[in-house]
Amino acid sequence: MGNSTGSTVDDLQAVEMHLWYKKFMTECPSGQLTLHEFKQFFGLKGLDSEANAYIEQMFRTFDMNKDGYIDFMEYVAALSLVMRGKMEHKLRWYFKLYDVDGNGCIDRHELLNIIKAIRAINGNENQELTAEDFTNRVFDRIDINGDGELSLEEFVAGARSDEDFMEVMMKSLDLSHIVAMIHNRRRSI
């Protein structure tokens with residue numbers, strides 16, 4: 001019995017992978033997604049400078065081999081992490097994304113710019129705190145040693161304990177519109 005369930009899961013994953021591949025190759029026939037194509041692919045146009053910088057950082061984080069392109073395997077790895085990854089892996093990935101200068105810590109300025117960018121992309125409606133106030137609150141709550149920087153350990157532990165911060169992170173990489181496109185195409189096949 002276990003094999004039939006595993007087979008069904010494998011079949012579903014194979015179908016899904018095929019649909020991801022078709023979507024990727026339709027949008028990117030060369031098989032390598034540039035930054036410009038990445039923005040078009042995710043419907044990200046006309047962004048302000050902070051949002052644009054965030055998207056560029058996201059692109060660099062997805063571009064695991066740092067060749068300036070996102071190939072299909074990098075695309076699948078990113079989608080898989082975002083959609084199915086364990087929380088620990090997601091939080092580590094978010095940390096890497098938010099640590100713009102790559103020094104192993106997230107400072108207030110980095111987090112503030114990320115929060116502003118997320119709000120610019122997702123809209124500012126229903127925000128009870130300014131981006132600055134939200135950033136200060138996050139640091140007040142999770143910067144345990146008070147050094148003005150979030151280490152990976154503080155970030156992971158803090159994100160797990162602060163629902164508001166976790167929600168912002170989850171919104172920062174909302175790929176629901178891509179998933180909806182894939183599912184809509186699955187139904188039409």
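Trainee: What kind of model is it, and how are residues numbered?
Mentor: It is a predicted model, where local features need pLDDT of at least 70, side-chain atom pairs count only at pLDDT 80 or more, and totals for chains, interfaces and linings use all residues. Residues are numbered from 1 along each chain as its sequence is written, and side-chain values use heavy atoms, with hydrogens and water left out.

Trainee: How many helices and strands are there?
Mentor: The protein has 10 helices and 4 strands. Both are DSSP runs numbered from the N terminus: H or I of at least four residues for helices, E of at least two for strands. From the N terminus, the order is α-β-α-α-β-α-α-β-α-α-β-α-α-α.

Trainee: What share of the residues is buried?
Mentor: 40% of the 189 residues. Buried means under 20% relative accessible area, exposed over 50%, and partly exposed in between, with a 1.4 Å probe and protein chains only.

Trainee: Which residues touch the most others in the largest nonpolar core?
Mentor: Tyr-54, Tyr-75, Tyr-98, Phe-155, Phe-165 and Met-169, out of 47 residues in that core. The core lies between domain 1 (8-84) and domain 2 (87-188), because both give residues to it. Those bounds come from an automatic or database domain assignment. A nonpolar core here is a set of buried Ala, Val, Leu, Ile, Met, Phe, Trp, Tyr and Cys residues joined through side-chain atoms within 4.5 Å.

Trainee: What is Met-169 in contact with?
Mentor: Leaving aside neighbours within four places in sequence, Met-169 contacts Leu-91, Tyr-94, Tyr-98, Phe-155 and Ala-159.

Trainee: Which residues of H5 are buried?
Mentor: Lys-90, Leu-91, Trp-93, Tyr-94, Phe-95, Leu-97 and Tyr-98. Helix H5 covers residues 87-98, and its end C-alpha atoms are 16 Å apart, which agrees with the 16 Å its 12 residues should span at 1.5 Å a residue. The expected span is 1.5 Å times one less than the number of residues.

Trainee: How about H3?
Mentor: Helix H3 has 14 residues, 49-62, and reaches 20 Å from its first C-alpha to its last, close to the expected 20 Å. Its buried residues include Tyr-54, Ile-55, Met-58, Phe-59 and Phe-62.

Trainee: Changing topic, how many disulfides?
Mentor: The count is 0, where a disulfide is a pair of cysteine sulfur atoms within 2.5 Å. Cys-28 is buried at 0% relative accessible area, and Cys-105 counts as buried at 19%.

Trainee: What is the phi of Lys-66?
Mentor: Near 60 degrees, a positive value in a residue other than glycine. Most residues other than glycine have a negative phi. Lys-66 sits in the loop between H3 and strand S2 (70-71) and is exposed, at 52%.

Trainee: Where does Arg-108 lie?
Mentor: In helix H6, residues 108-122. Arg-108 is partly exposed, with a relative accessible area of 33%. Its contacts beyond four places in sequence are Thr-135, Asn-136, Phe-139, Asp-140 and Gly-148. Gly-148 is 40 residues from Arg-108 in sequence, and their C-alpha atoms are 6.8 Å apart.

Trainee: Last one: is Ile-144 buried or exposed?
Mentor: Exposed, at 68% relative accessibility. Ile-144 lies in the loop between helix H7 (131-142) and strand S4 (149-150).

Notes:
Contact means heavy atoms within 4.5 Å.
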